Amino acid sequence: MVDIYHNNRNFSLSVTPLVMQSFLYHFDFHRLRIVCGALALVASFPLQAQIGAEKAVPYHLQDGQEYQVSLTSLLEHGRKLFVANWTKPDGGGRPLTKGTGSPVADPSSPLVFPRNFNRISGPDANSCAGCHNSPVAGGNGDIVANVFVLGQRFDFATFDAGESIVTKGGVDESGKHANLQQIANSRSTPGMFGSGYIEMLARQMTTELQTIRDGIAPGASAALTAKGISFGTLSRNGDGSWDVSAVVGLPAPSLGSASGKPNLIIRPFHQVSNVVSLRQFTNNAFNHHHGIQSTERFGEGADPDGDGVTNEMTRADVTAATVFQAAMAVPGRIIPSSSASETAVLAGEQKFVSIGCAVCHTPSLPLTNNGHIFTEPNPFNPAGNMQLDDGPTYSVDLNNDPTLPTPRLRADGSGTTWVPAFTDLKVHDITTGANDPNREPLDQNQAAGSPGFFAGNGKFITRKLWGLASKPNFFHHGMLTTIRDAITAHAGEALSSKQAFDALSPQDQNALIEFLKSLHNLPEGSPSTTLSADGQPRVWPPHRVTEVTTSPEGMDLMVHWQGGTTISPTERSYQVQTSTDLVNWTDLGPATTDISLTAPMNLPRQFFRIALVGEPAPPTEPTGYVSMAVPAASEATFAAPLIRPHAFRGRIRAISGNQISVTDGPNWAANAFVKSGPQTTTYAAVITTGEKAGLVGMITANTEDSLTLWLDPAEDLTGIPSDLIDGSGQGATLEIIPYWTPATFATGTPPQGAQILLFRANIAGTSLSASKTLEYDSGHWYDSDDFSVADDLALGFHEGIVMRNPTGSAYAFKVQGNVPTFPQRMSLRTLATGADQDIRFGYLCPVPEPIGALSLNLQNDDALLVFDNTTTGTNKSASKIYLYTTADGWVDGDTFAPVNIADALQPGNGYLLRRKGTTPASTLIWQDLPSFLQ
């Protein structure tokens, strides 16, 4: 239908679709304006005919037209067919035929109102999208959308014990009265995502198997292998007949044929591997569920179902619906934002392989020889479905056509497209036997009514796990609500993997579940098959640094980073970069495929990060070392310039008092971050974003997703953004970081008798004595007050300490760890009215920082005392004193010349801040962002 505007008058003109193209060319476009929709070639009915019409699909493509319209138009038409709520004028319903396509058992009781709709034996839905709908048309269905497979062989399920006609309503083929549990197999509705790739894999595997079969001479045998998947052994007897007794993983219809030669066809659709192609699936489903009969199966001009409508679905329509499903986007991964969840996903990938899940749920299979070009029709289609000589081949490039929904798969450098569907496309018996509640009452792959048909079924095609976490229910029947339940329901051929899962620690089980939870159907238009939690493209596996150690001799730094995994293999090149100031980075040698580096520690300080070559991923956060030394028979003042690797990184969900809960459900063990018993590490929670970034709180308790903190008396958690208050995704981030301890602070072995002096300000005054002294003796640090082992005593993030070396040799060591990426924040308080106060502290920064850039804005005559760590002696006096002035900032205490830029705090040095007394006593919150982070 086109509206033509001519000389300010309009009129309607009905044209046939095949005439439309020439029609457009023969009118004068200077005098005519043609108004048409996106489907210009498929809108060819008069406007008057629409008045009062109640057709869901007012126009059908005519055969041959599928090759003339654009792919975009064909996909749109296929979508309309898929979502159409079929009506009686469309041909919806099938009064005189079953869902199998055969005539009803009792034509005297046609399937008309009120017998026209029956949830067990169909029609059972008005549209395909009535079941396949989550999150888009073609997607998954909840258990309410389960299909009742094989119920369609009944006219109308009544369970009437008084009926006698076989398969009319209550009597099955064996003459028994069927009940609800016996009449059909209840199956969960899967999504059609990525199904074009799946069909092409099945075709290529079928070809491989048939090629092996065709090379077997009488009296010989051969191993059947396709895409690296073993299907057992096929043999021929001396008389040329075939022996399939050692063939495994194929359904019964693939093991025979009219000629006796096994066809070996991989049937990737239906959960028992019954359907060869999307086209067969489409022809079946439209008739079964909606009573819409295609011409290619039922004939043109025919009305076998007796509803008075012919040509209910054309061959071109079926192609459109098939291509729509084949072209659906592929599932992918959504990686949680917290570091704990990320770590669990990686660990879960390893466990998935190690306990044998990947034996059947093969992570990916290769499409070769341009297998990403989907073609119609399938060369292995059974009769009743379009054959190769029925028309031209229709082709779609599943990888590269820009009109297809995203995300798509891409071929690797060799031209192979790896399909990460987590299946081997084999059938396996995963039940315990006849009494297993997971068995089906009927075997779809046996002839209806045969003893094998009624023997039941326990063999299912290996579930495609891609998109798993987007499915609301699990297992073939959809009656399980958790992934864990689905794993533990495995038996039979999968029993060993199920037992291995049961034997895992709770932590490892949770990690495996977390990995499976990352397998998602992705939002429409996703830019990548791997996304972060906020929908951005994500490099996976991450190239994060996993370990930093020193060589046994203590001379070299060894850095290890994440490479690929069995589940997520990669062929990456890594570029190691190095810096001494955290601002200027240079490549350290050529790019490498290695995942480790050994570098000499021959500089005062050096930092390393890892970048991916050719991928738009940021480099890893820096890691490295800072050199320190205590002269012989002397002391030096220190403070940690680096942090220990974080144990968790995530976002704040809610705050209540001094308790923080986090997002992403990390499932921590109770008090996992509390020093108690065998757990000897003390942990801090550090706020890393927001106006209170840098705030540190010691963790005193934790639940599975919350932390209770001890805070400095001057601090609280008010004003820190959280998802609950500020909106999803707006919460501040935090890290859980272990404190340094005497045993972890320095590399190497301290000198015998070495001491650490702590100056924790709990009394007012200046020139304070140490509040605690630790001494090193024979491999341990001891508290000199009670001689208890103090190896695991927590050292504050900004705490200044003094280390003494009583021996005649200098003690040189290095602090190695991660570069902090959050601000410095600490409280500076005086403890008594009018009294000056000494505060030992360190600036948590691994590179020099000009004193004027510290945001340490105090009051007149506040002093900063610096100690020279290179000079000998103990109880040393300050080598330099800086004074703060409100007029000039920091000045030299001797010359009073400004030193804001000239002098700098040095990484790893400890300092003493002498605050002038105030009335009353006061507290200052010092917050500063190091310049390398600005």
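User: Why is Phe 673 called buried?

Analyst: The model is predicted, so local features need pLDDT of at least 70 and side-chain atom pairs count only at pLDDT 80 or more, whereas totals for chains, interfaces and linings use all residues. Residues are numbered from 1 along each chain as its sequence is written, and side-chain values use heavy atoms, with hydrogens and water left out. Phe 673 has a relative accessible area of 7%; buried means under 20%, exposed over 50% and partly exposed in between, with a 1.4 Å probe and protein chains only. Phe 673 is therefore buried.

User: What makes the pair of Trp 668 and Phe 648 edge-to-face?

Analyst: The structure holds 21 aromatic pairs. In the pair of Phe 648 and Trp 668, the centres are 5.0 Å apart and the planes at 80°. Rings of Phe, Tyr and Trp (its six-membered ring) pair if their centres lie within 6.5 Å; planes under 30 degrees apart count as stacked, over 60 as edge-to-face and the rest as tilted. The pair is thus edge-to-face.

User: Why does this pair tie together parts that are apart in sequence?

Analyst: Phe 648 lies in strand β26 (residues 648–656) and Trp 668 in the loop between β27 (659–662) and β28 (683–687), so the parts joined are 20 residues apart in sequence. Strands are DSSP runs of E with at least two residues and helices runs of H or I with at least four, numbered from the N terminus. Trp 668 also pairs with Phe 673: with centres 5.2 Å apart and planes at 85°, this pair too is edge-to-face. Phe 648, at 0% relative accessibility, is buried, and Trp 668, at 11%, is buried as well.

User: How do you know that Arg 915 has no salt bridge?

Analyst: A salt bridge requires a side-chain nitrogen of Lys or Arg within 4 Å of a carboxyl oxygen of Asp or Glu. Lys and Arg count as positive and Asp and Glu as negative, while His and the chain ends are not counted. For the buried Arg 915, the nearest side chain of opposite charge, Asp 862, is 4.2 Å away. Arg 915 therefore has no salt bridge.

User: What makes the approach of Arg 915 to Ser 922 a polar contact?

Analyst: The two side chains come to 3.2 Å. A polar contact is a pair of N or O atoms within 3.5 Å; within protein, one must be able to donate a hydrogen and the other to accept it, and residues adjacent in sequence count only if both atoms are side-chain atoms. The side chain of Arg 915 also reaches the backbone oxygen of Leu 828 at 2.7 Å.
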